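Here is a brief report on how one chain packs.

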Amino acid sequence: MEFDLEYNTERPHLIIPEYGRHIQKLIDNCIAIDDVEERNKMAKAIVDVMGNLQPHLRDVPDFKHMLWDQLFIMSDFKLEVDSPYVKPDREELQAKPEKLAYPNYASKYRFYGNNIQTMINSALTWEEGEAREALYFAIANHMKKCYLNWNKDTVDDEVIYSHLKELSKGKIDLITKNEPLSEVKDLIKKRKTTTNKPRQEQRKKPFKSK
């Protein structure tokens with residue numbers, strides 16, 4: 001007795017493998033139907049079956065729209081049926097996205113984060129007064145905290161003031177204010193260290209009846 005075995009490497013490529021080869025064969029048969037009404041009827045039935053195979057996606061917005069789009073994609077855009085949605089365009093789906101620009105850091109002090117320059121630029125737009133002065137020191141304290149998180153060591157306030165002046169292009173100069181920043185212990189929370197107690201201490205004491 002001889003058997004005709006089919007190997008996946010010899011079978012046609014599955015465009016959306018999640019639906020399996022049987023759905024792909026149904027779509028191929030639907031394309032070959034000459035009668036328009038029968039073709040539309042079978043296309044709707046295939047969409048219903050596809051929906052049953054993806055029950056976890058029923059709460060996704062435009063679930064039916066997604067199924068019809070996948071139907072046309074799996075037919076290699078050869079299926080001509082009356083769809084309740086606009087037929088997707090092959091060129092639009094296959095278009096490559098624009099290349100993203102490589103991120104450019106605002107300064108060499110990456111340990112402060114990318115948003116520090118935005119904070120400085122925003123602070124410079126504030127009106128002169130105590131509020132803007134307080135914001136300058138808040139930014140400086142944030143910079144000190146970031147510095148300590150990365151370097152895990154102490155840092156002089158003059159270093160932070162110097163970096164802030166450089167990042168603000170000389171517009172924020174706190175060096176002459178002679179006002180100290182927050183202490184290291186207030187900026188960096190100490191991690192609680194847990195030590196393993198001896199097993200004798202972990203065991204519950206036996207209950208003693210009176």
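## Helix pair α5 and α6

The axes of α5 and α6 cross at roughly 170° and come within 10 Å. Axes are lines fitted to C-alpha atoms, for helices over the stretch in contact, with angles from 0 to 180 degrees between N-to-C directions. α5 is therefore roughly antiparallel to α6 (angles over 145 degrees). Helices are DSSP runs of H or I, at least four residues, numbered from the N terminus.

Contact means heavy atoms within 4.5 Å. α5 contributes I116, M119, I120 and A123; α6 contributes R132, L135, Y136, I139, H142 and M143. By class, eight of these residues are nonpolar, one is polar and one is charged.

## Model basis

This is a predicted model: local features need pLDDT of at least 70, side-chain atom pairs count only at pLDDT 80 or more, and totals for chains, interfaces and linings use all residues. Residues are numbered from 1 along each chain as its sequence is written, and side-chain values use heavy atoms, leaving out hydrogens and water.

## Nonpolar cores

A nonpolar core is a set of buried Ala, Val, Leu, Ile, Met, Phe, Trp, Tyr and Cys residues joined through side-chain atoms within 4.5 Å. Buried means under 20% relative accessible area (1.4 Å probe, protein chains only). The largest core has 22 residues, with Y112, M143, I160, L164 and L174 making the most contacts inside it. α5 (116-123), α6 (130-151) and α7 (157-167) each give two or more residues. α6 gives the most, with eight.

A second, separate core has 17 residues, including I16, I27, V47 and M74.

Definitions and conventions: Buried means under 20% relative accessible area, exposed over 50%, partly exposed in between (1.4 Å probe, protein chains only). Angles under 35 degrees count as roughly parallel, over 145 as roughly antiparallel, 65 to 115 as roughly perpendicular and the rest as oblique. Ala, Val, Leu, Ile, Met, Phe, Trp, Tyr, Cys and Pro count as nonpolar, Asp, Glu, Lys and Arg as charged, and the others, Gly among them, as polar.
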